[in-house]
Amino acid sequence: MAQDTMEKLVSLSKRRGFVFQSSEIYGGLNSCWDYGPLGVELKRNVKDAWWKAMTQKHDNIEGIDASILMHPTVWKASGHVDGFTDPMVDCKQCKSRFRSDKIDLAKPCPTCGTRDSYTEPRMFNLMFKTFMGPVEEDTNIVYLRPETAQGIYVNFHNVRESARQKLPFGIAQIGKAFRNEITPGNFIFRTREFEQMEMQFFIKPGTEDGWMNTWREERFNWYLENGIKKEKLRFHQHGPTELAHYASDAYDIEYEFPFGWQELEGIHSRTDFDLKNHQQYSGKNLQYYDQEANEKYIPFIVETSAGCDRSVLTFMVDAYDEDELGGETRVVMRFHPKMAPIKAAVLPLVKKDGLSELADNLFRDLQKNWKVFYDESGAIGRRYRRQDEAGTPFCFTVDYQTKEDNTVTIRYRDTGEQERISLDKVKAFLAEKIG
Ligand code: ATP
């Protein structure tokens, strides 16, 4: 059942242009994916919604865009060079490779069913290495960042001073991260190249519990506001053995994917671990002078760390539905209008008698504000069905009555219901639904 849903989603993704396999004409590259015309719009909507929720709605959160390659000592200070490892085992029988913390080693190999066939766990560093400059030697090693957070920490004073922020304040960033995952998979859930949406909130030590509550609630609600079903979301608090080396408390927001409950976003209380280490390794003072309290300290950090691609998958899985409409089974992507790749389609009922021209005028007008789609080919029912699969929430159909009274039909994706609306009200309608 679960596999069935994922297979349908992967096939819809390719057919309709959400996500393609990377380098497909060469047989693909394992765990790498390309976003197609609909997928790239969806992904932009996810990023825009996050960026607005973080930087626009909070005047104490600033955005940055740091480089992917950073000074190699950053990754010493952060603990990644020594500690960013996963335990890896191989099945001696079929050579399949697993993360030993993700499978039960007492059970038979999930691939070939052999018992007691695993090698001893070995630690494997997940960072991708490359060389800076023409000489491939150890002194020139740089890493592709495995998370965006470090670009934020090292810019703490730059942002604080230039934006004249006082604690508590946050820095937000969206960008690529790379991890040489041992077992990538489940489509775009776990890949080796992905995008993160991270916000690091700098606070006074001792206030972290309150801020953890605030950000947990705010981030959970963000998914609900953007249409994710509440019953598919939950928190998972990390137990003492799960906590990362930098964290004093951590919650995952989990989503129930077809392959089970999995982490979607982490909310972590990181203490002063990050700035303290960067202060030590860089030799630069990363303390904050708190004017009100007249004291200096290294700020604590509460972070919200979400996967962008994983969010895209969540929005797709959550939206996917099959139902019966007009005696036919259809596939419909029930995206929240804010997330829908195409906000509306404009369809002339027929190509003749001036209907195309009228429809084209409406299309050009809407296009100034939103991503809209014009389609005049084929039977109207088929055109609706194509928009259902793309997740377009509204279709505006121009017909003969339009010529008489300047009204068009709105056809709603979710119910298939139709009603008439005056042409001059269409923009206000969309503005209200989409914002
Ligand atoms: P996991 O336990 O699944 O490996 P993690 O706990 O290492 O994840 P974090 O380091 O907290 O993950 O990263 C924050 C977020 O970045 C995750 O919640 C997830 O949404 C996203 N993320 C992490 N690794 C990947 C990946 N390989 N592919 C896609 N998204 C990822």
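Predicted model: local features only at pLDDT ≥ 70, side-chain atom pairs only at ≥ 80, totals over all residues.

**Exercise 1.** Which residues of helix H8 are buried, and what covers them?

*Solution.* Start with the helix, which spans residues 273–282. Its buried residues are Phe-273, Asp-274, Leu-275 and His-278. Next, look around them: the cover includes the helices H3 (72–77), H5 (149–153) and H6 (156–162). Strands E13 (260–271) and E16 (300–307) also belong to that cover. Finally, step just past the end of H8, where Gly-283 has a positive phi of about 75°.

**Exercise 2.** Find what kind of peptide bond joins Leu-167 and Pro-168, and place Pro-168 in the fold.

*Solution.* Begin with omega, which is about -5° for this bond. Then locate the proline: Pro-168 sits in the loop that runs between H6 and strand E9 (169–178).

**Exercise 3.** Lys-95 has a positive phi, and so does Asn-406. Work out where each lies and whether Lys-95 and Asn-406 are buried or exposed.

*Solution.* Recall that most residues other than glycine have a negative phi. Take Lys-95 first: its phi is near 70°, and its place is the loop between strands E4 (85–90) and E5 (97–99). Lys-95 is exposed because it has 9 C-beta neighbours inside 10 Å, and the cut-off for exposed is 12 or fewer.

Now turn to Asn-406, with a phi of about 55°. Asn-406 lies in the loop between helix H12 (400–405) and strand E22 (407–412). Its count is 11 C-beta neighbours inside 10 Å, so Asn-406 is exposed too.

Note on methods. Residues numbered from 1 in each chain as written. Buried ≥ 20, exposed ≤ 12 C-beta atoms within 10 Å, placed from the backbone. Helix = DSSP H or I, 4+ residues; strand = E, 2+ residues; numbered from the N terminus. Contact = placed C-beta atoms within 7 Å.
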